[in-house]
Amino acid sequence: MAWRRLAALWITQSSPVTCRYITKQTVSLFSQPLQLAALVCQGVVVQNDPDNTGDMLVGNVTAQVFQLTPGQWIYLPVNDVSRVYVKMTSGSNQTVNWLAV
């Protein structure tokens, strides 16, 4: 059985994971967390865009504690993308890439 890796998910060719949505959003102010768009899902991969100049903090509405350097990503098993909040440690108009599965 052949295995492929999609973000943080291991899947087989006989049971593919459907990508529901892939996009990017702009984090305008580094001091305020940005709530990602509302979309029902089984999980979301969040990436700090490789072209960003600062680190990104990822978490929920009350705390964003997972720090990602540019290019790093994290998989979060949530049922709605809007449960994820991100903010930058510095700079403005930085990009968050995300993919809902």
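**A loop residue and its surroundings**

Guide: Asn93 is exposed, because its relative accessible area is 55% and exposed means over 50% (buried is under 20%, partly exposed lies in between; 1.4 Å probe, protein chains only). The model is a predicted one, in which local features need pLDDT of at least 70, side-chain atom pairs count only at pLDDT 80 or more, and totals for chains, interfaces and linings use all residues. Residues are numbered from 1 along each chain as its sequence is written, and side-chain values use heavy atoms, with hydrogens and water left out.

Start with the place of Asn93. Asn93 sits in the loop between β9 and β10. Strands here are DSSP runs of E, at least two residues long, and helices are runs of H or I with at least four; both are numbered from the N terminus. The backbone of Asn93 stands out too. Its phi is near 55 degrees, a positive value in a residue that is not glycine. Most residues other than glycine have a negative phi.

What does Asn93 touch? Leaving out neighbours within four places in sequence, Asn93 contacts Thr26, Val27 and Ser28. A contact means heavy atoms within 4.5 Å. Gln25 is 68 residues away from Asn93 along the chain, yet their C-alpha atoms are 9.4 Å apart.

Gln25 belongs to strand β3, residues 21–27. Asn93 is exposed, whereas Gln25 is buried, since its relative accessible area is 19%. Its side chain reaches the backbone nitrogen of Ala37 at 3.3 Å.

Gln35 leads on to a sheet. Gln35 stands opposite Tyr85 in β9. β4 and β9 (residues 85–88) pair in the antiparallel sense over 2 bridges. Two strands pair if DSSP finds at least two bridges between them. Four strands make an open, antiparallel sheet in the order β4-β9-β6-β7. Its edge strands, β4 (34–35) and β7 (64–68), each pair on one side only.

β10 and β5 pair in the antiparallel sense, with 5 bridges. Gln47 faces Asn97 of β10 there. β5 also runs antiparallel to β8, joined by 4 bridges. In that pairing, Val45 has Tyr75 as its bridge partner. β5 is mostly covered, with 4 of its 5 residues buried.

Leu76 takes us inside. Not counting residues up to four places away in sequence, Leu76 touches Gly43, Val44, Val46, Val58 and Val84. Leu76 is among the residues with the most contacts inside the largest nonpolar core, which has 18 residues; Leu36, Val44, Val46, Val58, Val84 and Val86 share that listing. Such a core is a set of buried Ala, Val, Leu, Ile, Met, Phe, Trp, Tyr and Cys residues joined through side-chain atoms within 4.5 Å. The elements that give two or more residues to this core are β5 (44–48), β6 (56–59), β8 (73–76), β9 and β10 (94–100). β10 gives the most, with 3 residues.

Step back to the whole chain. The protein chain has 0 helices and 10 strands. Of its 101 residues, 40% count as buried. Take the contacts between residues at least 6 apart in sequence: 70% of them join residues at least 24 apart.

Last comes confidence. pLDDT is the predictor's confidence in each residue, from 0 to 100. The protein chain averages 81, and 77% of the residues score at least 70. Over residues 1–16, however, the pLDDT is below 50; beyond near neighbours in sequence, this stretch has 24 contacts in the model.

Notes: Polar contact = N/O pair within 3.5 Å; in protein donor to acceptor, adjacent residues only side chain to side chain.
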